[in-house]
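Here are some questions and answers about the backbone of one structure. Look at the sequence and the model before reading on.

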Amino acid sequence: MPYRLIEKKEFDKIILHNGDWEIKMQLFAEMNRYNTLVAVKKAGSGHLGSSLSSMDIITYLYLNEMNVLTVGLDSEDRDIYFSSKGHDVPGLYSLFYSLGILPAEKLLALRRLHGLDGHPEVRIPGIEASTGSLGMGISKAKGMAWAKSYKKRKGRVFVLTGDGEFQEGQIWESLQAAAHQKVNNLIAIMDHNKYQTDMLVEDVNNIEDIVEKVSAFGWYVVRIDGHNYQSLKNTFTNLKSITDQPKMVIADTIKGKGVSFMERPVTETISGKTYYKWHSGAPDDDSYLKGLNEISERIYQLSQKLGVDRIEIPENEAEGKITTKIQKEFVTDAFGDAIVELAKTNNKIVVLDGDLSADCKLRKFEYAYPHRFIENGIAEQDMVSMAGGLARMGLLPIVNTFASFLAARANEQIYNNATENSKIIYVCHFAGLIPAGPGKSHQSVRDISLFSALPNVIILQPCNGWETKKVVEFCVNEAKENCVIRLVIGPSPEVIQLPENYKFTFGVGTELTEGKDAILFGYGPVMLHEALVASYYLKEIGFGLKVVNMPWLNRINSEWLIGITRNYSAVYVLEDHSIIGGLGDRILDTLISANAINNKKFKKFGLADYPECGTPLEVLNYHRLDGKSLAMQIAEIDEIDSKLVRDLKQKYTDEAPQ
């Protein structure tokens, strides 16, 4: 087994040892840094930078300050800790393992189905709040602390925030309200590691002087070295005497603390800006082993200094890279290239970003047109309303961030803009169920329904790079209304092949397979791939499933739809979304309005519950949205001859063509 943790018995050694407490804390934290690196590498993704920068803070709190280990996780008198940003949760999970709250097999199942979610979820022991959508933490902690006072229960509430998170407006609402409401059993801690996704906070949207600003809201504020245990001890001891204000600790930390090359940012020669490489993602093999070796050496040195028996550090190795012959693509690359090309002849285009320029493939535009690129930081509502102002002045704003944060968080601002009948293009990156590793805070499965309620908004999702280019060109050059472009952020499972004669036509989809027995509509590269797999399995047993790519999610040419479904007794829709408010509802409404549903069977395949966390195949299979599961469901609905169903069940056990 290539992934092995420092065992809990080694942590117990440290806790039971009577040596210097500060060295004990340093050693305990380093051992957890080691396990965090192992867990993230095995997961294949995760947030190392914040996990490592906050490790000393949480180690001090749980081993010295909080009562949760003595009174129990279920005691109403317990101290409560949770992270508002949630990126640092791999480090928190590692600490929970070292304290006996989580078993080893759970830590090694980070970002796996039925394992540990990529962002905090309350179903996991020790986790006090589900987080991952930024800005909410102090408000939620305020509610917990207020409830403790109301119920006359003991215990304080500690909440960790990011520094970039202080660009969110809700943070400032919660600061003002906490002081006004005299929620004085609340302690907020900022993991001030100076970087957000990949840039300096001061370059994205500067929050300094943060001490002066928070103090002005009526909080008691202190700024310390977040890696100095004596400073942590003195600070939290002193805070016990502050009983008439909520408290905030600004903890200056180093992102990637404990791994030398993760502590160092790089300067981009093209832009001259400073970038941080290790915010998210698993390290490559060489970096992984180098990081483990660095931490291991410090563990040996600290254990010798403490005088404890030698800590047993397991041998870990890299698995090596897995290659695939299947061609893949990122539709976001095509999007980034398209807006750069269109901006050459359209000086009205202005691109706005919510601290996700690299993920949203906006760097090319940012470098090519720096004066037409606006970095708003982690402030989606502000960004959307600014876009409204730009549009009112005759410009064409293209707004970018993850779909979950754009469609829902800024929904009222989007509604307000739409009522002005100006034109804005909203680009919902990270749309849909996959990738599922980050968990439900990032899986956007309700955005279509939120936008569909607006009468002058067109929603599209392309299936490949070529169609992405056509979608962007339509939105910029032809559309008279607001537009929403949904984009899958990860690599497409395959490059969806469109017919050679395909013309991108308003409200019209295109056939990807032949089939006379049933028709299935889908959209986006992830779900169309699964639809094609289902079609393959059904074809093998003599059942023809016509798969149709339908990029127009809320604009359907009624005549085309009636014509293409006329000869089918079964109509299916595969959603990369909830079954409520997606393409399926729009297709059904169109057929009913045209009296064209007749006696057809109609079924929507999609999410009927919250999305699960895990690998793509794990999660698709869990929700019965993978190709094999779809084929089985269609076979059952269409009551295919029993022998053919038995044949399909046999094929279902074989490996699907992925």
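Predicted model: local features only at pLDDT ≥ 70, side-chain atom pairs only at ≥ 80, totals over all residues.

**Backbone questions**

Q: Is the peptide bond from I434 to P435 cis or trans?
A: The omega angle of the bond from I434 to P435 is near 5 degrees. This peptide bond is cis.

Q: Which residue does a cis peptide bond join to E208?
A: The omega of this bond is about -5 degrees. The residue in question sits in the loop between α10 (201–205) and α11 (210–216). The cis bond joins E208 to D209.

Q: Is F430 buried or exposed?
A: F430 is placed in the loop between β11 and α20. Its phi is near 60 degrees, a positive value in a residue other than glycine. Buried means under 20% relative accessible area. F430 has 4% relative accessibility, so F430 counts as buried.

Q: Is N421 buried or exposed?
A: The cut-off for exposed is over 50% relative accessible area. N421 has a relative accessible area of 61%, so N421 is exposed.

Q: What is phi of N421 near?
A: N421 is in the loop between α19 (411–419) and β11. N421 is a residue other than glycine, and its phi is positive. The value is near 60 degrees.

Conventions:
Residues numbered from 1 in each chain as written. Heavy atoms only, no water. Helix = DSSP H or I, 4+ residues; strand = E, 2+ residues; numbered from the N terminus. Buried < 20%, exposed > 50% of the residue type's maximum accessible area, 1.4 Å probe, protein only.
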